[in-house]
Amino acid sequence: MHSRKPFYIFVALLFIVGISTSIYRGLVHNVPFLPGEQVQSWAIDAKVSFTGTNQPAEVNFSLPSDPAFDILVENASSPGYGLSISADAKDRRAVWSIRDASGPQALYYRVTLVPTGKLNIETDIEPVTPEPYLWPATEKSAAEQVIEEVWTRSATNLSFAQQLMNLINDNNQSQNMALLLSANTSTNLFLHMLHSKGVPARVVNGLQLEDQRRRQQLTTYVQVYNDGEWVLFDVANNKQGRDNTLVLWEYSGHSVLDVMGGTNSLVNFSMLQDTRSALATSIDMMMNDDAFDFSLYQLPLEEQSTFKGILLIPIGVLVVVFLRVIVGIKTSGTFMPVLIALAFIQTTLLTGLIGFLLIVAFGLMIRSYLSTLNLLLISRISAVIIVVIFIIGLFTLISFKLGLSEGLTITFFPMIILAWTIERMSILWEEEGPKKVFVSGGGSLFVATLAYLAMDNELVQYWVFNFLGIHLVILALVLVMGQYTGYRLTELKRFKPLVGEQ
Amino acid sequence: MKYAWPWELSRSGVLNMNRRNISYIGRYNQRKFYKRVDDKLITKQLALANGIAVPDLIGVVHEQHKIQDIPAMVLDRSGFVIKPAKGSGGKGIMVITKVSNGCYYKANGHEVSHNEIYRHVSNILSGLFSLGGKPDVAIVEGLIEFDPVFEGLSYEGVPDIRLIVFKGFPVMGMLRLSTAASDGKANLHQGAVGVGLDIATGNSLHAVQFDLPSHKHPDTHFPLSDIKVPHWETLLHTASSAYEMCELGYLGTDMVLDKNKGPLLLELNARPGLTIQIANGRGLLPRLKHVEAMKSSAMSVEERVAYAKKHFCSNPIF
C-alpha cells in the first residue's frame, strides 16, 4: 500500500492555492467578494486656458499620480495641438505643443478616478534637509522668537509642525505672529518656519472633490516629512491629514502648469461624482494594467456567457458527488441530474419540473407503443429522440398560443439525454415495475433540484466566474470525497439491523 | 430510532459501500482481470478450463440475424435461460422453465411470445443491459434442474448460493431464495429472501427479506431456521478455487445446486453487494481484516477452506 501523503499534500495545495488566488483577486485586483457592490468614482475635467501670442507655444501640465486614487480612464483633447504624456510614474506630465498659437486657447484633460483608500504618502528616500529660509530683517527676530518657543515645546518634526499650525491659526495671536502673518500668507509662513529648523516640507497642489462643482482651482497644502511619510497640513483650515475627497494633483515639488509662448495661463477644474459597479470598475482597472491575468474578461461577451454556464457544472458535480458518496442517494445516470439542472437554470425550477415530467410521461406512452413494434434498440431510441422533439415542439406551440411564455423555455432540455432517460425508465418499468421508476426518477429529480438550487444561487454564480480559484477548491473537495470510506447517510438506516446483534 | 450511529456500525464491523469500493475492490481487484467476471462467456470458458462445473452452454447469439436460430437451439430442452454476457445485477436474464409445442412459459406460467424473445435478445445485443451500453452477446444456457433438497423452499426460481471470497478464503455466505415479489429472480433488492449461512457447516444463521428479519419464506412458509445446504464442502472448494481462476482478491461467487450435476458455478462478481451482511446479521469487516492480517504464505484451496471453516464459523441468531 503506497503512502497517501503525496495525495493529501496535493489536495491541501489545491485548497490553499484556490483560496489564496481568490483572496488575491479580491484584495489586489479589487474584485468585490459580493456581487452588486458599488464604488464611487470621480470624473474630473481640467481646462487649461491661455492667450496665444502668435508664436510657438508649449504647455506643460502635471497629471495626477496620487496613490489614493486609481486612474480608470484618462484622455486629453486639444485640436491642432501635438500631445505627449511622459511615462514617469512619479511625475506624469502632459505636454501640448503648437507651432502658432494666437488668441484664447483651451486645452482639456479628462480623468476618471477611483478612490483606493491608500491615503498615506510613504517614501523610502530621506529628503534632503532644506536650506534655512532667510528672513527679511524686519521679520527675523519675531520669526526666530516664535520658532524657538515652539521648538522647545515639540518633540518630533510632526509635533513641531502641529504646534506651529495651531499657533498660526490661534485667535489670540502674539504680536510677533501678527507681524509675520501681515507680511506672509499662512501657508508660506508655515513652510518657512519649518525650513528654518531644517524640517523637510514642501508645497503641494491638491484638488478638493465635491460633486457637480465647476471652475475650481487647486489649493496649496504643505506636506511635512516625518518618519518615512509625508503628512499633509491644510494650514488655512487648521487641518492635519487628508480624506478621500482630496486629490493631490502635484506633489513632487514641480509646478502644475508651465506655459511657454502664452499669457494669462489658467487651469480650471470641474468634477462629477459617479456610482458604478465595483466589478466593472476593477475589470477596467485590470485591462488598464495589462497585467498577466487568468481572467475570462478578455473573452468576447458571447464566450463569457457560455463560460458562465460551463463554470457552474463543477458546482452541480460537487452536489452530485456529495449526495451520492456521503448521503447515498441513487440517481438514474450519474451526471444526468447536472444536465437537467442546467436546463432548469434556463427554464426556472417550476416550469422545468413540469416540462420534464410532461415530456417523460408522454415519451413513456409513445415508448410503450414502440416496444410492441420490436425495433432494434438504436432505432427505437432514435425514434424516441424524434418524438421528444415533436413533444417539445407541441408544448412550445401550445404554451405560445395560451400566452405562457414560460413554456417556451422547454426547448432548453437536452433532447438526447431525455430520450435515454425515457428508454431507461421504460426498461425499468418493464423489469421492476412502476414503483422503481418513480423511486429512481424521483431521486434524479431531487438531486437535479438540489443541484439547480446550488447552481442558481446568485452568489455561487458570481463566485465561480469571478474567482476561478474556487474551482481548485471544488477539485480538492471532490478528491477528498473520493477518499471517503465512511458510512453513507442512507447506510445508517440500511444497516441498522446489524447494530448490537453480534 | 430508525438510524444507527456510524460508530455503532463501525463497532459491529459493518462494511460500507465507500470502503468496499476503495479498500477492497479498488485495492485487491486488478482492472485487467475484470473482464474475466464481467463477461459471463469468458467466465464460463475459464471455469471449464479449470474443471469447475457450470450450466450447459446451449449457444451464443452474436448477431441480430442469428436470433431466429434460438428455437432450433432449444428444440429438445425442457427449459432454458437467456442472459447477456456482460449484464450486471441480474438485469436482462430471461428464464424459460417450460417449453411445450413451441410455446415458451416463464416460471409463473406466463407465456412468452417469440416476438418478446426476439426483442429481448435484440436488446441484449445492442448493449441495453451491459455496463456502459457496450454491444453484447446473448448466452443461451441450459435450465438448472434444481436439487429437490430445496423443494418447498424457493418460489418459482432456483435458490442460489452466494459466497464472498477474499484472497481465496470464503469469508461469508448466503442462500438466496426467489419469491413471488422477486419474480423468480434471486436478487435481494428485488425482494428475494437472503439466508445467512455458516461457513463451517452450511447451516442457516439468519434470514431477511427487504432488509428485514424473516423466519419463514413469505410464499412457501417454509421455516428458514433449519436449512442445511448440501454439498457444502464442494461449494466452498468451488468458490475458493474461483480465486485462482480469475485472480480477483475480493470476489462474489454465485452457485446453484443441480439435481444431477451438483454445485454449478453461475457467475462471478467483482463488485458483490453488501446485503449479505444483513442476511448474516453480522458485519464483514472483522473477517476481511483477519484475512488481511494473515502471513501471506501460499495456501492450497483445501488449506484455505479448512482455515475458513475453522475461523469464520458462527452461531445462528434466529
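## Strand pairing, cavities and overall form of a predicted model

In chain A, A:Tyr225 stands opposite A:Trp230 in strand S9(A). The model is a predicted one, in which local features need pLDDT of at least 70, side-chain atom pairs count only at pLDDT 80 or more, and totals for chains, interfaces and linings use all residues. Residues are numbered from 1 along each chain as its sequence is written, chains are lettered from A and ligands numbered from 1 in the order in which they are written, and side-chain values use heavy atoms, with hydrogens and water left out.

**Chain A**

The pair named above belongs to a hairpin of S8(A) and S9(A) with two residues between the strands, and A:Asp227 in this turn has a positive phi of about 55°. Strands and helices here are DSSP runs numbered from the N terminus (E, at least two residues, for strands; H or I, at least four, for helices). S8(A) pairs with S9(A), residues 229-234, in the antiparallel sense over five bridges; pairing requires that DSSP finds at least two bridges between two strands. S8(A) is also joined to strand S6 of chain A, residues 201-208, by six bridges, again antiparallel. Within that pairing, A:Val203 stands opposite A:Val222. Six of the eight residues of S8(A), residues 219-226, are buried, so the strand is largely enclosed by the rest of the structure. Buried means under 20% relative accessible area, exposed over 50% and partly exposed in between, with a 1.4 Å probe and protein chains only.

The domain assignment of chain A gives domain 1 (37-126 + 204-224 + 242-286), domain 2 (129-199) and domain 3 (301-492); such bounds come from an automatic or database assignment. The centres of domain 2 and domain 3 of chain A, taken over C-alpha atoms, are separated by 79 Å.

**Chain B**

Chain B contains ten helices and 14 strands. Of the 318 residues of chain B, 54% count as buried.

Nine of the nine residues of strand S9(B), residues 169-177, are buried, so this strand is largely enclosed by the rest of the structure. S9(B) is joined by seven antiparallel bridges to S8(B), residues 160-166, and B:Phe166 stands opposite B:Phe169. The two strands form a hairpin with two residues between them, where B:Lys167 has a positive phi of about 50°. Five antiparallel bridges link S9(B) with S10(B), residues 193-197; there, B:Gly173 has B:Leu197 as its bridge partner.

**Cavities**

Three cavities of 30 Å³ or more are counted. A cavity is a set of points, on a 1 Å grid over the protein atoms alone, where a 1.4 Å probe fits but cannot get out, and lining residues have an atom within 4 Å of a point. Points are joined across faces, edges and corners, and a volume is the space filled by probe spheres set on them.

| Cavity | Volume | Lining by class |
|---|---|---|
| Largest | about 50 Å³ | three nonpolar, one polar, four charged residues |

H4(B) gives the most to the lining of the largest cavity, with three residues.

Definitions and conventions:
1 Å grid on protein atoms, 1.4 Å probe; cavity = no way out; pocket = protein on both sides within 12 Å on 5 of 7 lines; lining within 4 Å. Nonpolar A, V, L, I, M, F, W, Y, C, P; charged D, E, K, R; others polar.
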